[in-house]
Amino acid sequence: RQTLQVEPTSSLGLAAASAGLTSFTVPVVGAAAAYSFLHRVYHNVAPSLPTKRQASEEDLQGGCALFRHVPPLRGRIAFRVVGNYPTPVHQVAVGSGAKDSLRFFVKREDLASPLYGGNKLRTLQFQLAACEAHVEKHPGSRVYVIGSGGSNQCVATAVHGAAAFHLPASTINVVHISNDKPDLDNTLNLLSILSAGSDAVPVRPFSAPIGQRLGGLFSALYGGSKEGSARDLVLPPGGNNISGVLGQIGAALELAEQIEAGSSPDPERIYLPIGSCCTATGLVMGTAIARSLGLRAFGSPAFRIVGVPVGFTPMMGYLHSTAMRSVPMSLAYGIEKVGAFIADTCGSSQWDFRSACHDQHANHFTCFDDRQFTGIYGSHSEKSLPASQAYDANGVVEELAGTLTASPVTDGHAEAAPKPLWLCGHFAAKAYSKMMEDLTACSSADKPVPVYLFWQTKSAIQPLFQNADEMDAMERLASSSVALQKWAVRGRAYSSLRPGRFRLPSQDAQSNPDMDYRPIMTRLLWPAQSPARSKL
């Protein structure tokens, strides 16, 4: 009879086995934790039924192109009009003379509001409406909006949470989970929020202790709550979730209406910056839905949406691939989840656009992630800086005849001339530089001039509210953080159209007017104090 011999396990062998198990387990556990976090953030603020107040106050037919073209959604989702729509389509010429100029078209999302414009307003229409419905049911709930120090999403949420929604003061809490590269445009975004006052919008900057910044977020995401009790909410980075994408689908359908009306050409390409992927997902879906419904738009066989990431990462192209349907925050995941929501809410397969949207993603979308264009998150890249400076020197914005648009306003009166584009190095300039390089290549090759449209995401207005002294507020924050102080004061103004510099009061900024940043900003009343609040 044979006896099985079992060798005693050596400490070295045990250590090797443990190391092998650890090398396998740690990545698996880390991936599982990351998936759990992304899933919870993505689904934390889901679309909700409208409140009686929302249903009575909002013009669902005129206020949102999505409702006009997918009518079964009307009255079934909480919604607020945020901004003035439709935003115009302008033509831009860049060059030293008419003969040598490169021309393109631009969708002026930056002019969506006299308070603070940009693409994020569309994101908030369904998103903050769901938050408003939740807070009405659960008074005392907070809404955390997360982003970097220079986040446009944080500014838009803070401003329009007060302007368009019935949210009590201090409901919106801004949490900066990271900093960006120093850039004056980033500093201005934080100053805009600080000018609202800490009583209106509490801010947890990236310099605050990690527990102070993330404690509330993790409690909201993982803490759970008893039925009927207050529950805090978390808006995802860039607003990328089902609610946010619905707003961006409306933007694409609005452009389709402008194309049909003749107030915009039918573009061969749309260029836009990609951060969280919310706007990109909405434009891919919206253009596909427009074609599925037979709208006379986006009809070129060569039609393509070109997204340029706002920061380089080796994973960027992969995350925007068609193979990522199971990964929250990816474009393919958004198409699947938003498409399923639309079909389920409409209650009919007639409104299931998922196949068309996935096809649009696979065949008419490009994620261009060349490091020369994307650079580092938070500031200009090698390509974007000279391209934006060339625009500042020689760019001219022209209105199109017969433009179908709401009048862009800053003080209740129409602008005498269109505002110039704010090509910030953090976001907009990166996609702009790729578009200009492609236009230049066509011009050099003597090819027919293509019709390219740029999606302008950065607000044309940088608000400076009169609630609080933003310089003193920044001084208090920076007094306990050298990192924040350096970030704030080292940010350069790269644009000749917006010269300025921020200095802390202790550095005597007022002694040199050329260093002052305030002329770049627009002085405004905090919207909660404005008698015209309901009209903003």
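Me: Taking contact to mean heavy atoms within 4.5 Å, what do the buried residues of α18 pack against?
Reply: In this predicted model, they pack against α7 (184–194) and α17 (470–478).

Me: Which residues of α18 are the buried ones?
Reply: Helix α18 covers residues 482–489, and its buried residues are L484, W487, A488 and V489.

Me: Let us step back to the whole chain. How many helices and strands does it have?
Reply: There are 18 helices and 13 strands in the chain. Of its 536 residues, 55% are buried.

Me: And how much of the contact count comes from residues 24 or more positions apart?
Reply: Such residues account for 81% of the contacts with a separation of 6 or more.

Me: Moving inside, which residues have the most contacts within the largest nonpolar core?
Reply: They are F104, Y432, M435, F454 and F502, in a core of 86 residues. Helix α16 (residues 428–444) gives this core its largest share, 8 residues.

Me: What does F104 touch, leaving out residues up to four places away in sequence?
Reply: F104 touches H90, Q91, V92 and V94, along with L421, Y432, M435, M436, L439, Y452 and F454. Y432, M435 and F454 are also among the residues with the most contacts inside the core.

Me: How many residues are in the second core?
Reply: The second core is separate and has 56 residues, including Y42, L66, F67 and F303.

Me: Now the pockets. How much space lies in the largest one?
Reply: The largest pocket holds about 970 Å³ of space.

Me: Which residues lie nearest its centre?
Reply: P237, G238, G275, S276 and Y377 lie nearest the centre, out of 36 lining residues.

Me: Which elements supply at least two residues of that lining?
Reply: The helices are α1 (11–43), α6 (152–163), α10 (278–292) and α11 (316–319). The strands are β3 (143–148), β4 (172–178) and β7 (269–274).

Me: A check on covalent links: how many disulfides does the structure hold?
Reply: It holds 0 disulfides.

Me: Is C367 buried or exposed, and what about C442?
Reply: C367 is buried, its relative accessible area being 18%. C442 is buried as well, with a value of 14%.

Me: Turning to the backbone, where is the cis peptide bond?
Reply: The cis bond joins Y85 and P86, with omega at about 0°. P86 sits in the loop between α4 (65–69) and β1 (89–94).

Me: Is S170 buried or partly exposed?
Reply: S170 is partly exposed, at a relative accessible area of 30%.

Me: What is the phi of M329, and is M329 buried or exposed?
Reply: M329 has a positive phi of about 85° and is not a glycine. M329 is buried, with a relative accessible area of 15%. The loop between α11 and α12 (331–346) contains M329.

Conventions. Residues are numbered from 1 along each chain as its sequence is written. This is a predicted model: local features need pLDDT of at least 70, side-chain atom pairs count only at pLDDT 80 or more; totals for chains, interfaces and linings use all residues. Side-chain values use heavy atoms; hydrogens and water are left out. A disulfide is a pair of cysteine sulfur atoms within 2.5 Å. Buried means under 20% relative accessible area, exposed over 50%, partly exposed in between (1.4 Å probe, protein chains only). Helices (H or I, at least four residues) and strands (E, at least two) are DSSP runs, numbered from the N terminus. Contact means heavy atoms within 4.5 Å. A nonpolar core is a set of buried Ala, Val, Leu, Ile, Met, Phe, Trp, Tyr and Cys residues joined through side-chain atoms within 4.5 Å. On a 1 Å grid over the protein atoms alone, a cavity is a set of points where a 1.4 Å probe fits but cannot get out, and a pocket is an open set with protein on both sides within 12 Å along at least five of seven lines; lining residues have an atom within 4 Å of a point. Grid points are joined across faces, edges and corners, and a volume is the space filled by probe spheres set on the points.
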